[in-house]
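Here are my notes on this one, point by point. Have the model open next to you as you read.

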Amino acid sequence: MKLSIRAAAILASFTLLPQSRGADAGDIVLATIDGEEAVTFEDVLYYVGKSEPRGGGPVTAADVEGYVDTLVTARVMVWEAEEAGLGTDPFIIESCAEMRNSILSDFLWEALVAEDPATEKELRDFYDINTKWRKYSLIEAKNRESAEAARRELDAGRPWEEVVLEYTILEGHKERGGEYEIPLTYDGMEASCAVFAMPEGEYTEAVPANDGIRWQIYRVDKIVHGRTDTFEEAMETLPATVNGIKALRRFQEIASELRRTVTINRNEQMWEALHSQPFFEFETMWGKKTAVVSDVGGLPVPGQNYVGVIVDFYSSYGIDIDGHRRDDPEDFTYVADRLLARLEDMNLREYEALRRGLDKTPAFTREYERTRGQLLAQLYTRREFTAKLPPITDEDCERYYTAHRGEFQTPEKVEAYMVALPDRGKLESFYAEVAAGADLVNTGEAYNLARGKKLMYAYEAPPRLPPEEEEWLGVVHIFREPNPDEPDGPFAAELRPRAFPFSVLNELSEVFQLADGRWAFFAPIYYQPFKQGTLAEKATKIKCQKKAWAEYYASEEVDKLSREWLASLRAKHDVELASERFGDVAARLNAGK
């Protein structure tokens, strides 16, 4: 059986396993490489369970031969990578360290869930709470002291709108008095627990945001309609949600205790550089995988990770890093400390998993070796096969562009806000209000929020009510021509002849009747004109080069080369398959043993 690179990529995701040394069936050796055990029944069992490569029929001896042959090729790729010295490549070492943390964190979470799984009552309570959401306004203060000062101002009778203007760091919400358009759902964390304990019109105390950095005060504006699925329908996702919340709370308790007992050493040189150098210089120096910014019980926090979370945090708020450090050095230090603490908590997860011995379990060994093998195979393939393929030329790019001009087009499109109501009189009153000057989107979304609805899009799941009874207000995406890459959602086909040719934004259509009987009107709120990209444009050329390369890599020519390359790797080794045992293995698999 000759595998292509694409087949090898699939098997690398599932079958690069640790070599088994188990008892019972695990001792059934199905293949050796150079006289060493390479594939056992346990490996095949894991592969079949993970990849599900066959149909619904019974497993045959021929199927087992295919599984074993696939596993042998995977082993050979990893062994060749090790022989080439890739096991000590910095990319492999650093990637494996990060994956080790991730795998152990997952195993710790599973252990915490197993220790205290959600009860029927907890699941029911979580569901019941979310039948009513909260429309709210928010002050997001930069820290606890600021949030508590804002709460004291409110207690003293200062108007909410004035306190929002002074204390919130969310610039975009100041003009709305901190009001949010999307209702708050209950997620079991401290902030939502505080909100859901308040009646309408009341303020919460200062509570930490879920990111553990900022602090918040909520005002409960209105209690609105919440989830509409039944408890039985919700049970598809409820256990995972509630168990995840409980595990997070338990870990937070564990992390607090570990911070009192585990030695955490921060790199003082790094800390000083963060506060003294322009961020670009700091990023250049410490944003390297080899730099360590904190050591948590012997587990390093890479500088690259720290730079990444700093950039992500400041980007999310639209704040200039150097400007914040200059204008508010105390808050800059606070944010920098909390962001580093967040990464340290990830290492505390790994530390706790190691303390529990989760790294000694066969399940962890299998996952870790699978991941390491996958990385080795990918790196080896890139260096020894992919990198030696011919590069894409300008002629290749031009040829691909000419044959696929449609892939470089921006189609003409209108996004329209539509109101569709079963009651014609109600719709015409709505229409008259907007025609008299009310903003269509704001009026529509206020109406949605009063019903406990979020912003509606035509590609979302259909309503629980029959369409002719559903009041629908939301956004419809309409392409000038049907777009195979983004098929029409509901309403698009009916609105297309009314939306094109496009005239002007926010112009109300006439009132009309939909095919389902509802009465409707709409207005275009966004227009995207048609555009044909050209190779003279840098972005289009880069896109074309990538697509031309992908087409070539998927071609029969590369498929043939990849099969020959993999066959040449296997030819270096003495591979023996225990074909006489394949029938017995098939029977075991069919019996579920």
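1. Pairing here takes at least two bridges found by DSSP between the strands. Elements are DSSP runs numbered from the N terminus: helices are H or I with at least four residues, strands are E with at least two.

2. Some ground rules before going on. This is a predicted model, where local features need pLDDT of at least 70 and side-chain atom pairs count only at pLDDT 80 or more, while totals for chains, interfaces and linings use all residues. Numbering runs from 1 along each chain as its sequence is written, and side-chain values use heavy atoms, with hydrogens and water left out.

3. Back to β5, now with its other neighbour. Strand β4 (residues 207-208) runs antiparallel to β5 and is joined to it by two bridges; proline 208 has tryptophan 215 as its bridge partner in β5. Six residues lie between the strands of this hairpin, and glycine 212 has a positive phi near 75°.

4. On to the helices. How far apart are the axes of α12 and α13? They are 9 Å apart, with α12 (residues 279-286) and α13 (residues 303-317) packing at an angle of about 150°. Axes are lines fitted to C-alpha atoms over the stretch in contact, and angles run from 0 to 180 degrees between N-to-C directions. That makes α12 and α13 roughly antiparallel (over 145 degrees; under 35 is roughly parallel, 65 to 115 roughly perpendicular, the rest oblique).

5. Who makes that contact (heavy atoms within 4.5 Å)? From α12 come Phe279, Phe282, Glu283 and Trp286; from α13, Gly303, Gln304, Tyr306, Val307, Ile310 and Val311. By class, the residues of the contact are seven nonpolar, two polar and one charged (nonpolar: Ala, Val, Leu, Ile, Met, Phe, Trp, Tyr, Cys and Pro; charged: Asp, Glu, Lys and Arg; polar: the others, Gly among them).

6. Cysteines next. The disulfide count is zero, taking a disulfide as two cysteine sulfur atoms within 2.5 Å. Cysteine 397 is in none; its nearest cysteine sulfur, on cysteine 544, is 3.1 Å away. Cysteine 397 is buried at 2% relative accessible area, whereas cysteine 193 is partly exposed at 30% (buried is under 20%, exposed over 50%, partly exposed in between; 1.4 Å probe, protein chains only).

7. Finally, a loop residue: glutamate 486, between β12 (472-479) and α20 (492-499). Glutamate 486 is partly exposed, at 35% relative accessibility. Leaving aside residues up to four places away in sequence, glutamate 486 touches His477 and Phe479.

How values were computed. Contact = heavy atoms within 4.5 Å.
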